[in-house]
Amino acid sequence: MGRLITTLALSVLVALVVVPAALAADDLNQVIENLRVWITGLLAALATLLLMIGGVRYLLAAGDPGQLERAKGAIRAAMIGYALALLAPVLVALVKRIVGA
């Protein structure tokens, strides 16, 4: 579990370094589009990581009900992450309407 937290912290650190590049644009539409692409990629990557962790936990559970539930929870979280990544264009369109861009 410690390695997972370290990996996630490192991913967030890399993401914070990359964000200024996404914000470097001439107009608001381009900034929003850059952020959408960046956030979609991050969500898909994290969902894939959670799916792999859930799959490995499921394989190694050996019938233990507690471990099976933890594995299913990780897989559910991955599916939610994929759904959010797929909904990112809709959310960006909503933000564009709100800010009037």
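Colleague: Which residues does Ala-88 touch, leaving aside those up to four places away in sequence, and what makes this a contact?

Modeller: Ala-88 touches Arg-36 and Thr-40. These count as contacts because heavy atoms come within 4.5 Å. Please bear in mind that this is a predicted model: local features need pLDDT of at least 70, side-chain atom pairs count only at pLDDT 80 or more, and totals for chains, interfaces and linings use all residues. Residues are numbered from 1 along each chain as its sequence is written, and side-chain values use heavy atoms, with hydrogens and water left out.

Colleague: Where is Ala-88 found, and how do you know whether to call Ala-88 buried or exposed?

Modeller: Ala-88 sits in helix H3; a helix here is a DSSP run of H or I with at least four residues, a strand a run of E with at least two, numbered from the N terminus. Its relative accessible area is 8%. Buried means under 20%, exposed over 50%, and partly exposed in between (1.4 Å probe, protein chains only), so Ala-88 is buried. The C-alpha atoms of Ala-88 and Ile-39 are separated by 7.8 Å, although these residues are 49 apart along the chain.

Colleague: What is Leu-94 called on that scale, and why?

Modeller: Leu-94, which also lies in helix H3, has a relative accessible area of 48%, so Leu-94 is partly exposed.

Colleague: What makes Ala-62 count as buried or exposed, and where is its place?

Modeller: Ala-62 belongs to the loop between H2 and H3. At 75% relative accessibility it passes the cut-off, so Ala-62 counts as exposed. Ala-62 also has a positive phi of about 55°, although it is not a glycine. Most residues other than glycine have a negative phi.

Colleague: How do you know how the span of helix H2 compares with the expected one?

Modeller: The expected span is 1.5 Å times one less than the number of residues. Helix H2 (residues 28-60) has 33 residues and reaches 48 Å from its first C-alpha to its last, close to the 48 Å expected. Within H2, Val-31, Ile-32, Ala-47 and Gly-54 are buried.

Colleague: How many of the residues count as buried?

Modeller: Of the 101 residues of the protein chain, 16% do. Among contacts between residues at least 6 apart in sequence, 60% join residues at least 24 apart.
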